[in-house]
2 protein chains.
Amino acid sequence: MSAAAFAIGVDLGGTNLRAGAVDASGAVLCRRSVPVGADKSAASVVRLVAAEVRAIADELAGTPAAIGCGIPGIVDAAGGIVQASPHFPLWNEEPMRERISAALSLPVTIDNDANCHALGEARCGAGRWHRNVICLTLGTGIGGGLILDGELFRGDRGYAGEVGHIVVEPEGEPCGCGGRGCLEQYAASHGFSVFARRLPEAQRTALVAAAGAPEGELTPEIMARLADEGNAVAQELWEEWGRYLGVGIATLVNTLGVMTFVIGGGIVRSWDKFIGAARASALSHTYPRHASELVFLKAELGDDAGIVGAALLERSSSIMAGRRIP
Amino acid sequence: MSAAAFAIGVDLGGTNLRAGAVDASGAVLCRRSVPVGADKSAASVVRLVAAEVRAIADELAGTPAAIGCGIPGIVDAAGGIVQASPHFPLWNEEPMRERISAALSLPVTIDNDANCHALGEARCGAGRWHRNVICLTLGTGIGGGLILDGELFRGDRGYAGEVGHIVVEPEGEPCGCGGRGCLEQYAASHGFSVFARRLPEAQRTALVAAAGAPEGELTPEIMARLADEGNAVAQELWEEWGRYLGVGIATLVNTLGVMTFVIGGGIVRSWDKFIGAARASALSHTYPRHASELVFLKAELGDDAGIVGAALLERSSSIMAGRRIP
């Protein structure tokens, strides 16, 4: 075969499926995106994944050296099974690795989508020069992935990386996980509504009037506009937002001794509005010696991170480690 | 040589040096303990370590297959260097591996003492059946060690495992690390004084009177006695103590996806007074599915954990991993 070697990475979301071919250096050679559609059954999704992989292989006129697929939910990567997925509620212990592999007659590797994003950013994106990297994706919630000693760390049953559920206020805001005071109630898009509720009434009323949106809908986009317009309360709430992020990062620094954080997600567009407060807050909660070591990096790969990471899965020895008897 | 194979583990503390011979199953064949003495210079400590290792080798009439030494402080295990140690303030980037090795004319491995404790408990103690184990030693502070995918995880520059500095109250008690609201301000021996200060005055006065000690000296021993005597406030403070421990553990569960915790230290003598509240608190801050998976185990090896873990260091491939280029 004359085509250069490539792997195919698939990034399955609840709404869209993205896929691409990735070369050995981590560069994306081509990419495709299709809607998942209304039929969220495993059979339908398997057909869709297989069709996209075939379309890419045809486009490059070659056979992929490896195929990886990132899937939202609880994924047993070693077993190749999706235990449960919020976006695909019908799935229950679905053996997606085997099913996709059977549809393509090729070996396939699967993992959680946040793990794939983290692997992509850590190996081929902003974290590429670092051995230990924690990736945070800030959006509606906080996605996370841990690259420890150069490999994805999955924990027991693939549960690792739920950094949005670091407890920053034991009696704080209720969270969808059933707990309270989780980091993602503050340092994700919902946080501004929480902070606004704590403002003195006059400030809150003025903020809501300037926003042109009720208190519960103070999105990062609105808050960024207000801060850019010079609204001092909005600017202060961005700093508050950064302080919470820093507290969560401090706990990760102290626990894991990892100093490199890659931060992505749409909120990163407002990087300068929160990153100073986040850094100061993280340093105020860690040993002074960390001041010169802590590194915050902006994610570089954007929507490609999941594709690149999925394409790297087979090369990532940690899945083999997951099969090893200790 | 006719003697069975053994390794020697050294557990260096600020006050005492403990050492022992450990066989391939992790059993301690013999142990010694000597005071460190007033001369805390590196040269003096190296002589002491070498003398103890020789005495054990002589007693067993054999040459140790490996020698490991756990040292309090910041230890670069891969480089064999003690960067700084609170108990040995004169040391600065001290190449202890090389120095001990030169004194004995034998290869030596060194690591942080809490890492050695964790390795001992995880491999040969309470955690022996588990692949991922987090060890917590509750005392004046909280010592910790992470065994991930069967190996010690050290993080960047050996900083991993400072689980006592998980931030549980961002604006809470000041901590020796320079931060505020660290877990070890609550779920270690000092916690009872913190909780007592928050009591209504009448309750606080009664508690201090029953304790026969000022508020700042409400040790776990005193609080255990009061709880055993049926003092309801003391019993409630033990539960409060457990709730904080549970919040810290929940953050570890959510972040690392590790479900097995080995808990040691003197406070474990009061296990039944806090463990129920700790478990309920941890579960209230994690996904419901973890209820059947979370395991709290009492440490089994006591003071031997550091010796056993140090003896296992050379066998632990993670030091090699620490030398690897990713």
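**Where chain A meets chain B**

Trainee: How many residue pairs are in polar contact across the interface of chain A and chain B?

Mentor: This is a predicted model, where local features need pLDDT of at least 70, side-chain atom pairs count only at pLDDT 80 or more, and totals for chains, interfaces and linings use all residues. Residues are numbered from 1 along each chain as its sequence is written, chains are lettered from A and ligands numbered from 1 in written order, and side-chain values use heavy atoms, leaving out hydrogens and water. A polar contact is a pair of N or O atoms within 3.5 Å; within protein, one must be able to donate a hydrogen and the other to accept it, and residues adjacent in sequence count only if both atoms are side-chain atoms. With both residues at pLDDT 80 or more, the rule finds 24 residue pairs.

Trainee: Which element of chain A gives the most residues to the side that touches chain B?

Mentor: Strand E9 (142-148), helix H7 (232-256) and helix H10 (318-323) of chain A each supply at least two residues to that side; helices (H or I, at least four residues) and strands (E, at least two) are DSSP runs numbered from the N terminus. With seven residues, the one giving the most is H7(A).

Trainee: And how large is the area buried between chain A and chain B?

Mentor: The contact (heavy atoms within 4.5 Å) takes 47 residues from chain A and 47 residues from chain B. Buried area is the accessible area (1.4 Å probe) that two parts lose on being put together, summed over both. Carbon and sulfur atoms give 54% of the total, which is about 4100 Å².

Trainee: Which residue of chain A meets B:Glu293 in a salt bridge?

Mentor: A salt bridge needs a side-chain nitrogen of Lys or Arg within 4 Å of a carboxyl oxygen of Asp or Glu. Across this interface the rule finds two. In the pair with B:Glu293, N to O is 2.7 Å, and the partner is A:Arg157.

Trainee: How are H7(A) and H7(B) oriented to each other?

Mentor: Their axes, lines fitted to C-alpha atoms over the stretch in contact, with angles from 0 to 180 degrees between N-to-C directions, come within 12 Å and cross at roughly 85°. Angles under 35 degrees count as roughly parallel, over 145 as roughly antiparallel, 65 to 115 as roughly perpendicular and the rest as oblique. The two helices are therefore roughly perpendicular.

Trainee: How many residues apart in sequence are the parts that A:Glu169 and A:Arg198 tie together?

Mentor: Over all chains, a search of the whole structure finds 34 salt bridges. One of them joins the side chains of A:Glu169 and A:Arg198 at 3.2 Å, N to O. A:Glu169 lies in the loop between strand E10 (151-152) and helix H4 (191-197) of chain A and A:Arg198 in the loop between H4 and helix H5 (201-211), so the parts tied together are apart in sequence by 29 residues.
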